[in-house]
Amino acid sequence: MLGAGQAGRYVDCHCHMTAEEFSQDIVEILERSRNGGVRALVSVTERAGELESLLHLSERYPSYVMPCFGVHPIQSTADGYRSATLQDLEPALEQFEKYKDHLVGIGEIGLDFTPWLTPTSKEREEQLKVFQIQLDIAKRLDLPVNVHSRSAGRQTISFLKEQGAEKVLLHNFAGRPSVALEGVQAGYFFSFPPAVANNDQREKLIKRIRMENICLETDSPALGPDKQERNTPSNIFIPCEYIARVKGLSSDTVCEATAHNAFRLFPKIRFKLNE
C-alpha cells in the first residue's frame with residue numbers, strides 16, 4: 001500500500017498511469033506522487049485493450065487511481081500513428097456498460113486534425129463519429145468526458161455544444177482564447193500540464209479563463225517540464241505555480257480552487273476517496 005505521506009491537496013485530472021513508460025516502477029511513481037501532495041489521479045486510456053490494466057491498478061489503489069475509459073482520436077500502430085476508426089471503438093462498446101460503476105469519466109476522447117495524422121475528410125468524419133458515439137455513452141451513463149482537441153480546438157468545442165455535452169474537461173487546450181471562452185460559457189473546464197510553464201503563448205489563454213473553470217493535469221508520461229524526460233504526477237505543482245503567477249494568486253489558492261473544480265466535474269472522485 002501507499003505510505004501515508006501528505007494528506008494530498010492536488011488532483012491530477014488527466015494522466016496515463018498504464019502507459020508503457022510506467023510499467024517497471026509504477027509503485028515508486030505512485031509513492032512519489034502521494035508524498036508530493038497528489039490526492040487523486042484521474043487516469044485515462046487511449047485504446048480498448050488498456051482498460052483491464054487500468055482497472056487492475058485501480059483495484060490495487062482504489063482511493064487513489066481513478067479510472068477514465070475511452071478511445072483516443074489517434075491510434076498507435078506498428079508503423080506509427082493513424083486516425084481512429086469505428087473498428088477501434090467496437091471492442092470498447094461492451095466494456096463501457098460492463099464497467100460503468102468503476103469509471104469516474106469517459107476519456108481520453110476527442111478530435112485530432114493534425115494534417116499528417118488525419119489528412120482526409122473521410123478520416124475526419126469517421127473520427128467525429130467515434131467521438132459522437134462516446135459522447136452519447138457518457139451522456140447515457142451520466143459521466144463527464146476527458147477531451148483531447150489538438151489542431152481542432154474550435155471544431156471540438158462547437159461539436160461538444162452541438163451534442164449537448166455539459167460535463168467536459170478540455171485537457172491541454174491550445175486554441176484561441178476567444179474559442180476557449182465559448183467553452184467557459186458552456187460551463188466546460190480546462191486543465192493545463194507542466195509543459196505550459198515553458199510556453200508563454202498559454203499566458204493569454206489562462207488569464208482569460210476564470211479560476212472556476214481551471215483544473216490541473218500532468219498528462220504523464222508526456223508534457224513534462226523537460227521534453228527529454230518522462231513526466232510524472234509529482235510534477236503537478238509546476239502548472240499550479242505557473243497559473244498562480246499568471247493570475248496573481250497564491251499557489252495554495254490555485255491548488256484549493258482546482259481541486260474543488262475537479263470534485264465538481266468528477267463527483268465520483270470524492271465518493272471513491274471516502275470509500
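A disulfide is a pair of cysteine sulfur atoms within 2.5 Å. One thing before we start: this is a predicted model, where local features need pLDDT of at least 70, side-chain atom pairs count only at pLDDT 80 or more, and totals for chains, interfaces and linings use all residues. Residues are numbered from 1 along each chain as its sequence is written, and side-chain values use heavy atoms, with hydrogens and water left out.

**Exercise 1.** Work out how many disulfides the structure holds, and check cysteine 13.

Step 1: The count comes to 0.
Step 2: The closest cysteine sulfur to that of cysteine 13 belongs to cysteine 215, and at 4.2 Å it's too far for a bond.
Step 3: Cysteine 13 has a relative accessible area of 0%, so it is buried (under 20% relative accessible area; exposed is over 50%, partly exposed in between, with a 1.4 Å probe and protein chains only).
Step 4: Cysteine 255 isn't in a disulfide either, as its nearest cysteine sulfur, in cysteine 240, sits 5.1 Å away. Cysteine 255 is also buried, at 3% relative accessibility.

**Exercise 2.** Describe the largest nonpolar core.

Step 1: A nonpolar core is a set of buried Ala, Val, Leu, Ile, Met, Phe, Trp, Tyr and Cys residues joined through side-chain atoms within 4.5 Å.
Step 2: The largest one has 66 residues, and Leu160 and Phe190 are among those with the most contacts inside it.
Step 3: Helix 4 supplies the largest share, 6 residues (helices are DSSP runs of H or I, at least four residues, numbered from the N terminus).
Step 4: Apart from this core lies another, of 18 residues, including Cys13 and Cys68.

Methods:
Helices (H or I, at least four residues) and strands (E, at least two) are DSSP runs, numbered from the N terminus.
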